[in-house]
Amino acid sequence: MILILLGAPGVGKGTQSQNIIKKYSIVQISTGDILRNEVKNETELGLTAKQYMEKGELVPDDIIIKMIEKRISQPDCANGFLLDGFPRTIEQAKSFDKMIKQKGLDLDKVIYIDVADDEIIDRLTLRRVCPTCGAIYHLKNKPPKQDMICDICGSKLIQRSDDTKETVENRLKVFKEHTKPLIEYYEKQGKLNSVSGLGTVDEVFSRILTALSSI
Ligand code: AP5
Ligand code: ZN
């Protein structure tokens, strides 16, 4: 199974990915997580990516495309994978189409999660994440049991450096300009399913399951 989770920053792609991969036993590929790991390890790629990520701009297509090509060739992707945060431009989508065609694979579905901008700003500025296990929290909607401590692994939670109001606003602008055209791109391929991202995490997940039930 090959799936793409499409949506503006903060609509809940990471949160829902964790539910979807458990249900279908596939791996999650988050370009954001891969890049943050490179930044943390201060690799050459990380040092380049950091300059774009801090401003909420997109990392150049050639870097991202190479990264994805390498990742989907790894053995753990053989049973299928869920792309979270990729593709983000028409160029990335076209390269991905070519990439999987060469491997004799086919994209099953694209789920587009839709949430209004003001809700997104609230979700992202109050988001806290675990730097160790990747768990995602929200100070109001999904607070950890102990103040700023991860329920799963006990690490101290952090705020992502691109979750300030100003950077979030730029990320939304970049999404509208570069990523939103992908909705039409995948509609034309007959692969797109839109779901509302409002409501509880479980309610959104159940809408996603309904959209995936036809595969
Ligand atoms: P990336 O890490 O992909 O960030 P993003 O797309 O902006 O998405 P987020 O991770 O911010 O949000 P999400 O939709 O996963 O929401 P979440 O589940 O956490 O990218 C970061 C940067 O890397 C980019 O800006 C770019 O520079 C670079 N990059 C990455 N991929 C790239 C690519 N392909 N090309 C070029 N550059 C790339 O939820 C958000 C919050 O809401 C959480 O607090 C959560 O608890 C809460 N929440 C979730 N669901 C609900 C709900 N139903 N109700 C209430 N609260 C909820
Ligand atoms: Zn943790």
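The exercises below concern a predicted model and begin with the surroundings of its ligand.

**Exercise 1.** Find how many residues surround ligand 1, and which are closest.

Solution. 
- Step 1. Apply the cut-off: a residue is near if one of its heavy atoms lies within 4 Å.
- Step 2. Count the residues: 36 surround ligand 1.
- Step 3. Name the closest: Thr-15, Glu-57, Arg-88, Arg-127 and Arg-171.
- Step 4. Sort the shell by type: 14 residues are nonpolar, 13 polar and 9 charged.

**Exercise 2.** Find which polar backbone atoms lie by an oxygen atom of ligand 1, and how much of the ligand the protein covers.

Solution. 
- Step 1. Take Glu-57: a polar backbone atom of this residue is 2.6 Å from a ligand oxygen.
- Step 2. Go to Tyr-137, where the distance from a backbone polar atom to a ligand oxygen is 2.7 Å.

**Exercise 3.** Identify the elements that give two or more residues to the shell around ligand 1.

Solution. 
- Step 1. List the helices: helix 1 (13-24), helix 2 (31-40), helix 6 (117-125) and helix 9 (201-212).
- Step 2. Pick the top contributor: helix 2 gives the most, with 4 residues.

**Exercise 4.** Describe residues 127-162.

Solution. 
- Step 1. Check the record: an unreviewed UniProt entry places "domain: Adenylate kinase active site lid" here.
- Step 2. Read the make-up: the span is 0% helix and 17% strand.
- Step 3. Compare the ends: their C-alpha atoms lie 11 Å apart.

Key. Residues are numbered from 1 along each chain as its sequence is written. Chains are lettered from A and ligands numbered from 1 in the order in which they are written. This is a predicted model: local features need pLDDT of at least 70, side-chain atom pairs count only at pLDDT 80 or more; totals for chains, interfaces and linings use all residues. Side-chain values use heavy atoms; hydrogens and water are left out. UniProt positions are given in the numbering used here, feature names are shortened, and annotations may be inferred rather than shown by experiment. A polar contact is a pair of N or O atoms within 3.5 Å; within protein, one must be able to donate a hydrogen and the other to accept it, and residues adjacent in sequence count only if both atoms are side-chain atoms. Accessible areas come from the Shrake-Rupley method with a 1.4 Å probe; for residues, only the protein chains shown count as cover. Ala, Val, Leu, Ile, Met, Phe, Trp, Tyr, Cys and Pro count as nonpolar, Asp, Glu, Lys and Arg as charged, and the others, Gly among them, as polar.
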